[in-house]
Amino acid sequence: MPALVLLGAQWGDEGKGKATDLLGGSVDYVVRYQGGNNAGHTVVVGDQKYALHLLPSGILSPGCTPVIGNGVVVDPSVLLSELSGLNERGVDTSKLLISGNAHIITPYNVTVDKVTERFLGKRKIGTTGRGIGPTYADKINRVGIRVQDLYDESILTQKVEAALDVKNQMLTKLFNRRAIGVEQVVEELLGYADKLAPYVSDTVLVLNQALEQDKVVLFEGGQGTLLDIDHGTYPFVTSSNPTAGGACTGSGVGPTKISRVIGILKAYTTRVGAGPFPTELFDEDGEALRRIGGERGVTTGRDRRCGWFDAVIARYATRVNGLTDFFLTKLDVLTGWEQIPVCVAYEIDGKRVEELPYSQTDFHHAKPVYEMLPGWSEDISKAKSFSDLPKNAQAYVKALEEMSGAPISAIGVGPGRTETIEINSFL
Ligand code: IMP
């Protein structure tokens with residue numbers, strides 16, 4: 001008791017860092033369970049802004065133990081530079097725990113990610129180019145390198161050999177690139193071993209013991225529901241499971257231990273990379289959402305695609321994650337529109353469809369059916385309680401809640417740590 005999951009209900013970048021950090025003070029462990037440095041959290045603490053890619057955002061809360069679970073893929077060079085960057089700013093990172101079973105993003109995985117995307121041409125996924133997909137592919141193909149392998153040179157060498165066997169054929173014969181040498185990779189990886197050693201531990205045991213002692217454990221999803229390899233808009237997805245089930249497989253904590261699943265939901269919609277996006281805007285409204293919302297990727301620096309709120313997607317997120325609550329973020333960005341369109345259903349080949357179609361073809365053909373909700377012009381960033389919000393903003397939140405299928409328990413009204421309205425406590 002009590003384990004909570006916080007995850008993205010849309011295509012990622014919903015503002016999870018802020019939500020995690022809000023809970024950070026009362027949470028004993030913050031666990032990342034999937035993804036790698038393709039994620040990007042911006043956390044604002046006081047007047048300091050931190051951009052985290054791989055580290056759990058609990059790293060910024062002094063009482064909290066941050067954990068990188070077995071389901072995460074770790075680029076050691078990125079991890080070490082993120083740690084030293086925080087140390088330089090006076091953040092103590094010594095409590096970090098890393099699962100020995102987490103897989104390592106090797107330099108050849110990054111190379112394969114980039115050359116594959118180039119090879120795909122206009123069919124590319126628009127990956128972050130961080131080697132995420134190829135590392136998970138190696139894991140599933142059983143030729144992955146795990147953190148624990150750094151501590152047995154002979155095993156590490158054999159595993160790198162096995163992984164490079166086919167890849168070098170592919171790189172030289174198909175992609176016209178130079179082969180990658182085994183020794184060079186082994187040497188680079190061994191160079192990380194001592195630096196990572198203080199953090200490596202049996203995180204499954206640690207987390208289960210913590211739960212037995214009634215500690216509060218928060219699972220922090222990277223990316224979002226629609227980017228899930230199983231439940232997202234495949235193939236335009238990431239290669240892991242950001243949905244709630246991933247918290248169990250990616251940490252070794254059983255589903256019976258999870259008491260709350262909170263979906264982070266932006267008051268409008270954004271997406272990075274390629275793939276279908278029914279409410280996407282190509283006009284000045286989309287441009288305004290991007291500008292006012294600061295919709296530029298923390299990890300990639302790419303502009304995010306922007307659109308109106310899509311309730312069909314929110315309902316889907318409630319279903320596949322078993323959401324108990326929503327944290328609605330960035331409501332302030334919508335201030336100033338006279339009317340705000342909300343997508344309540346889709347029209348697919350002339351028919352109204354209320355739920356997300358399971359067929360990829362149908363989803364690509366989905367056109368949004370909009371309902372117009374009245375907007376507000378008052379500054380809402382100082383609102384401390386729901387009743388402080390203008391009537392139309394309250395009605396907007398209530399309408400979203402009704403359409404989305406779970407209570408909205410918190411609302412973000414500005415980027416700062418305190419610019420949040422708490423309606424129901426998460427703990
Ligand atoms: P990958 O995770 O780098 O393999 O990229 C696969 C897809 O997921 C691409 O469309 C990326 O833009 C998207 N993606 C990966 N991480 C994030 C994230 O943290 N936020 C939003 N989109 C992401």
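1. Arg-302 counts as partly exposed because its relative accessibility is 27%; the class lies between buried, under 20% relative accessible area, and exposed, over 50%, with a 1.4 Å probe and protein chains only. The model is predicted: local features need pLDDT of at least 70, side-chain atom pairs count only at pLDDT 80 or more, and totals for chains, interfaces and linings use all residues. Residues are numbered from 1 along each chain as its sequence is written, and side-chain values use heavy atoms, with hydrogens and water left out.

2. Arg-302 sits in the loop between α9 and β13. Helices (H or I, at least four residues) and strands (E, at least two) are DSSP runs numbered from the N terminus. Leaving aside residues up to four places away in sequence, Arg-302 touches Gly-126, Thr-127, Thr-128, Val-272, Gly-273, Glu-295, Arg-296 and Gly-297, a contact being heavy atoms within 4.5 Å. The Arg-302 side chain also reaches the backbone oxygen of Gly-126 at 3.0 Å.

3. Gly-301 belongs to the loop between α9 (284–293) and β13 (305–307). Because its relative accessibility is 32%, Gly-301 counts as partly exposed.

4. In an unreviewed entry, UniProt lists Val-298, Thr-299, Thr-300, Gly-301, Arg-302, Asp-303 and Arg-304 under "binding site". UniProt positions follow the numbering used here, feature names are shortened, and annotations may be inferred rather than shown by experiment.

5. Helix α12 (residues 391–404) has 14 residues and reaches 20 Å from its first C-alpha to its last, close to the 20 Å expected at 1.5 Å a residue; the expected span is 1.5 Å times one less than the number of residues. Among its buried residues are Tyr-396, Leu-400 and Glu-401. Gly-405, with a positive phi near 90°, follows α12.

Definitions and conventions: Polar contact = N/O pair within 3.5 Å; in protein donor to acceptor, adjacent residues only side chain to side chain.
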